[in-house]
Amino acid sequence: MIKIENTQIGHQQLLISIDELKLPAGQLYALIGRNGSGKSTFLHSLIGQLPLRAGQLSLGNFSVQALHNDHLLRAKHVSFVQSMFAGVEALTLHAYVSLGRLPYLGAFGRMQDKDLSFVDEVLSRLNLTSLAHRATQNLSDGERQLASLARAIVQDTPYMILDEPASFLDYFNRELLLDQLQNWVQSNAKRTAIFSSHDIDLCLEKGIKLLVLHEQKLTLLENPSKKEVMDLL
Amino acid sequence: MKRTSFPVLLFMLALLIALSSMHLFGLQAQGISNRIVFWEFQIPRLLSAVLAGAGLSLSGLLMQNLFQNPMAGPYVLGINSGASLLISILILGAGPSVLNQLSYASAAMMGAFLAASFMFLVAKRVQNIQSLLVIGLMFASFTGAVESVLQSFAAPEQIKQLFIWNMGSLQQMSAAQAPLLAVFVLVGIVIALFLIKGLNAMVLGDAQARQLGVKVNFLKVSILFVTALLAGSITAYCGPIAFVGLAIPNLARAILRTQDHLVLILFSVLAGSCFLVAIDVLILLFDPWMSIPVNVLTAALGAPYVAYLMLRRR
Amino acid sequence: MLRSPTRFFCLCIFFLLLGCKDQQKLELSAKDNLCKYSKYLHIYQNAKGYKIEISNPDQQSKVQAFIITKPFERIAVLSATHVGMLSAIHQQQKICAVSDSKYLYNPILKKRLDQNLVTDLRSELGFSSEKVLRSKAQVVIYSGFGNESQQLKRLEEANIMSIANYEWRENTPLARAEWVLLFGILSGQFEEARQFFKRVEGNYLRLQKQVLQHNHSNQLPVLISGNLYGDQWIAPAGQSFEARIYKDAGFAYLFSKAQGSGSVFKSLPEILQKGTAVGLWLNPGQPTRSRLLKQYPKAKFFPFFNKRIFCYTAHTNKYWEQVAVRPDWLLEDLSQIALKPTKKMHFYALVK
């Protein structure tokens, strides 16, 4: 459960102000908002990267401040998928996805057999097995986006935050991504995922709950009609 | 560790042993086989090459990780210049009675650490690699200028000593200094091995590394510390040696196609040693006809490779 | 190239020499040359004055030729040897400017420097031509490196003559010393210079003969010279002035067969290998063994470290100032070293 109380979010200027909002666990939420409405800022606040201007925000048992102060705790508690991953020279897709296991590894960063089989399983779920040994800087943007999702799944945290994870994906892969995310939250009642998106139609079609960001407010809509959403925006 | 990396590492180890025995027997072939010459000249010279090669390429690998830039290295970023500056202050400024070998090493390490920290702060402000390299160059010529000013007050004796040190050499280290340098380099390697997790995450950048649970600030200070320990102590005993730190880690990534720093550290250490020992074997081979300074050969082999890397990045 | 008047003048003379070869041969035949030993300095005397020819060791065709009819009163010198040459014939008061005064030995000149009667031009290569002008020098003498500096060209434009001194390129001790004649002419004391050189020559040849006689009964140790600088042992080459004087002193010099008249560069393994035969080490550049070890701690493992070591470091400035003009003193020192010193030496001292 994500709890937000009397919270003000923003860098120098106030962008979002939330009196009270509770997002129950076991759900997938899509963050919808116009350009510049502060979607990324909100997500960065959720993972404790951007300090709150005021108020309380907690993911399950931990406040974002507590997560900010303990990187290892945060790494096991919330994973983050950034909107763009440019790839790294000589880093294979397999090695990149494996980095998700890092918080659980010993001092020398060695993967155990169970870590490796987990990675292989996630790769095959996302149809990435054939690309496993390609260098990440030689993949397409879309392939890298799927790889980022794989890395977050492998990190095996109760909370997952994704910043426009589908922006480079084609129609089929968008569907795959949403299915995988829904699958991920439903397979464990403690899991919660929030992703930002502009693809309202697909979200409505999949019956995903919408978090609509408009005029410094955040509104939760369950099963809305498209008109309702558009009116808010 | 990828299974393919293991044979490569084994091969590098075998190569190092082969080159080392060539190095020792290369001298022996010239008719020298007395005990003193062996223990006081041949062994320290071989150890200089092995330790300096290992330490410099490891410090290059760490700097490239810290700056998230494959063109970083202890020489191009002016780390050597920092060490050099403090050494020259020591040689030219302090009285000869104060001058002992340990203070040499500690001065060089301090200089290296200050220079590395300075360059790191600068790197936060400039984003592109060209500006950073130019600033490294400026920093080197600035320390060079300060050294020249200091030299104008110094006795010719001291200037000569500094000049000799500045040329870089694998033959200056004594048998008594060798264990000390070995300890510094080994400590550097061991600390680096304990940083592997963080180093692996750092290739994704600061923010991602933090998300993966890495204490990024602690890691960065550790890298600066290890780099200063390695580059500083080696520079103190062997003078500034160029290109090893820049070229070898790039070679490691190109050959092994990995970002797993356990493999990269082990390979860089072995390949760096092999590189400098091979260069010194060449110097020994050419000895009867001409004597080649070590930096001439590292530059002759390293510079074209680095230039090729720069061109390929475009 | 034709911009400077002196150069132009030189060139004219050169073409003149080409033009009337036969006539020149009559006038300037080898036997009229007043220099007996020097390879690069030629002096001819006639009723009007002295004709001097200085040939460039690197380009034999390049000759600086000039006629001196009137001696100079103010001379700027850029090297310690030039000071030594002028003071040998007691003409140091004519020196109006020197370089690197901190290495000066001559006490009279030092005093004049303190009284601001002499200008310190500081660096030999980086001196300022304005300073030379302000010193009111009539002529500048410099060590020829084959190509003249920009400063000298500017001085020539201001009608200040500059003379290249190639004394340091000669490969016999007496040829080097003979350059004192040039300084005699420039300062108007040719006769005194001639007498002085005759004395030096006489001393040198007498000592050389003594050494030869002595050497029949006495085996002298093998000599090594120089020291390790960085990774290289730098020592005088086989045809250098030093190698020649070692030979004249009766020593077997380790690098006597090394090609060249300048320096040889030897690797450390070679020194360690050949050094086992060495019994005497000259010119390590340090006054004591502890200083040698400070410079290079591994020096204690040189096979000749515990043999006798001599160096001029006790009198470094005196050595560089006077060694060229007093080869007889140098030879005397070396034969003293050969016989175990009994009296005080001119330049050398035992390295303890």
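In chain C, 60% of the contacts with a separation of 6 or more are between residues 24 or more positions apart. Two residues are in contact here if their C-beta atoms, placed from the backbone, lie within 7 Å. This is a predicted model: local features need pLDDT of at least 70, side-chain atom pairs count only at pLDDT 80 or more, and totals for chains, interfaces and linings use all residues. Residues are numbered from 1 along each chain as its sequence is written, and chains are lettered from A and ligands numbered from 1 in the order in which they are written.

I will stay with chain C for a moment. Chain C has 352 residues, and 45% of them are buried. Buried means that 20 or more other C-beta atoms lie within 10 Å of the residue's own, with C-beta atoms placed from the backbone. Chain C holds 14 helices and 16 strands. Helices (H or I, at least four residues) and strands (E, at least two) are DSSP runs, numbered from the N terminus.

Next, one sheet. Three strands of chain C form an open sheet in the order 1-2-3, with antiparallel pairing. Two strands pair if DSSP finds at least two bridges between them. Strand 1 (41–45) and strand 3 (63–68) of chain C are at the edges, each with a single partner strand, so one side of each has no neighbour in the sheet. From one strand to the next, the twist averages 15 degrees. Strand 2 (residues 50–55) of chain C is joined to strand 3 of chain C by 6 bridges, and the two run antiparallel. S55(C) has V63(C), in strand 3 of chain C, as its bridge partner.

Now chain B, and its helix 2. Helix 2 (residues 35–66) of chain B packs with helix 12 (residues 261–286) of chain B at an angle of about 140 degrees, their axes 7 Å apart. Axes are lines fitted to C-alpha atoms, for helices over the stretch in contact, and angles run from 0 to 180 degrees between N-to-C directions. So helix 2 of chain B is oblique to helix 12 of chain B. Angles under 35 degrees count as roughly parallel, over 145 as roughly antiparallel, 65 to 115 as roughly perpendicular and the rest as oblique. The contact of helix 2 with helix 12 of chain B has 15 nonpolar, 5 polar and 2 charged residues. Ala, Val, Leu, Ile, Met, Phe, Trp, Tyr, Cys and Pro count as nonpolar, Asp, Glu, Lys and Arg as charged, and the others, Gly among them, as polar.

Helix 2 of chain B has another partner. The axes of helix 2 and helix 11 (residues 244–256) of chain B come within 7 Å and cross at roughly 70 degrees. That makes helix 2 of chain B roughly perpendicular to helix 11 of chain B. This contact has 6 nonpolar, 6 polar and no charged residues.

Last, how do the chains meet? Between chains C and B, 16 residues of chain C are in contact with 18 residues of chain B. On the side of chain C that touches chain B, helix 11 of chain C gives the most, with 5 residues. That side divides into 7 nonpolar, 5 polar and 4 charged residues.

As for chain A, 18 of its residues are in contact with 20 residues of chain B. Helix 3 (residues 71–77) of chain A provides the largest share of the side that touches chain B, 4 residues. By class, that side of chain A has 14 nonpolar, 2 polar and 2 charged residues.

Terms used
A residue is buried if 20 or more other C-beta atoms lie within 10 Å of its own, exposed if 12 or fewer, and partly exposed in between; C-beta atoms are placed from the backbone.
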